[in-house]
Amino acid sequence: MKNKGLYVLLLPGVVFLTLFLVIPIVMTIASTFFQEGSFTVQGYLTFLTDPYNLKIVWTTLRVSFVTTIVCILLGFPASYYISKLGPRKKGILLALAIFPLLTSSVVRSFSWMIILGKKGLLNSSLLSIGLIEKPLEILYTPTAMMIGMIHLFLPLIIITLVGVMENIDPDLLKAAESLGASKFTAFRQVILPLSMPGLIIGSILVFVGSLTAYTTPALLGGKQGVISTFLYQNAITLNDWHMASVIATIMIVITFVVIGLMNKIAKKLNPKG
Amino acid sequence: MQEKNYGLALFTLLVFVFLLGPLIIISFTSFEPGTVLRFPPEGFSWRWYENIFEVKMFMKTFGTSMFVSLAGNLLALLLGVPAAYALSRFQFKGKGALNAIFISPVLIPGIVMGFAMLKYVIITYNLPIYAGLLIGHTVIMLPFIIRVVASSLSNFDFAIEEAALSLGAGRIETFFKVVLPNIRSGIIAAILIAFLESFNNVDISVFMTGPGVSTLPIQMLTYVENNFDPTIAALSVLLMIITAIFMFVIERLMGLSYFTKR
């Protein structure tokens, strides 16, 4: 009786996801190993031996890496400050961080087109104060993508870190200081290790998010492709579905490897879980 | 000590200027009376707001987006609420695996899901694009519904349900009369969060376009590729107002702790 009830509750969702997500994904992965009915890894060889493709992978990794590092450098101090505030101020700042996160990525990327464009706000300001002679070419470069993605993902790391940091007992810091630790040592020995889980989860979210983001590179990256725009281009523009499936598989593998690796690091740093 | 705190406060202020500045700039440019996007605008006018309503494709794709997000939301609720209830209420074999399946749409890159769905849902299963769009959006909303509903169920005392059952109420009656009213605000918050997730989605929708079918964000992307007038800025302001209202309601319903918890 109880088992039957469980089936009724869970089966519709499981069937739906199996049919419309699990099977399409598994079949997409499987399809990369078959061409004209026989087993092959030619798609992967073709992908990995073309310097153009490797450059795209390299750009993607580089942009994601820089985005993650800058998000940590900007997000960590800001989160620490927010976590120490009273509930009212903390609430307001958290709301201000969550708002951009809920705002359409098209809107957010577009706002950087206004700022970074050739006649954009940044260039016209720099020109008018005479800091530069001719407009900087930022829009449609990896730098523009990085700026857009830092803007996209910074709130994510802030809210994750604040969530962890606000649970750190302030007495721990006082105890460390009363035992003779300097402010810096106390921060390094108490706050940093206790924030580590948040920092790692936040970094996974930012890194994986940057690796797979589509809208921001599509709007700000111009011809400079990343792996997600390359997948779209192969599937829709070039109609090369075999290559698109190969890229899709590579993206899944990279995503799971990154998540797995960071989870492993998290476990090592925090064996108690 | 004070000095260091001032430094940190200033740093935090600059971080927020970076986060919110672009959104403020885009809002100003939407009132531009001329035809070129610029900051500061040359004056004040509503003309680009009026223009939104004159671009037929914006109206049409707004309708599609609304339908897909609302109908998909309903579907995701019908599939997700029972699942969230079962996963929170009962212990059983294979629970971990089921949890993983229900959370998987968050782990798989959106652009990969979109492509795989185009390949199988549209081509192999031979469903119309509109149906594919609806299915895709249901898939991405499901984990949000399940997560938010499960989190409000975790605060629910199932002893109350046991009491109702032992007093002779049926299982289904108990769910609707006892459990559901207790997690109502969680469910409304889940609907709003899932709606925003779907309404703003690009990764799935970008593959699910066809003759006469497209969503608002995709139409905006197409528009930006060909035009650089302030219409998108005006539309952005309207979308931000909707987002702000949604966020306010979510905050009232369950606080913002949902977002900071991982």
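Guide: Helices (H or I, at least four residues) and strands (E, at least two) are DSSP runs, numbered from the N terminus. By that rule chain B has 12 helices and zero strands, and its elements read α-α-α-α-α-α-α-α-α-α-α-α from the N terminus on. This is a predicted model, in which local features need pLDDT of at least 70 and side-chain atom pairs count only at pLDDT 80 or more, while totals for chains, interfaces and linings use all residues. Residues are numbered from 1 along each chain as its sequence is written, with chains lettered from A and ligands numbered from 1 in the order in which they are written.

The C-alpha trace of chain B spans about 70 × 65 × 30 Å along its principal axes. Of the 262 residues in chain B, 43% are buried (20 or more other C-beta atoms within 10 Å of the residue's own, with C-beta atoms placed from the backbone). Contacts are pairs whose C-beta atoms, placed from the backbone, lie within 7 Å. Among contacts in chain B between residues at least 6 apart in sequence, 74% join residues at least 24 apart.

Now to the helix. H9 of chain B runs over residues 184-199, and its end C-alpha atoms are 22 Å apart. That agrees with expectation, because 16 residues at 1.5 Å each should span 22 Å, the expected span being 1.5 Å times one less than the number of residues.

The contact takes 65 residues from chain A and 66 residues from chain B. On the side of chain A that touches chain B, helix H1 (residues 2-31) of chain A gives the most, with 16 residues. That side of chain A divides into 50 nonpolar residues, 14 polar and one charged; here Ala, Val, Leu, Ile, Met, Phe, Trp, Tyr, Cys and Pro count as nonpolar, Asp, Glu, Lys and Arg as charged, and the others, Gly among them, as polar.

Key: Two residues are in contact if their C-beta atoms, placed from the backbone, lie within 7 Å. A residue is buried if 20 or more other C-beta atoms lie within 10 Å of its own, exposed if 12 or fewer, and partly exposed in between; C-beta atoms are placed from the backbone.
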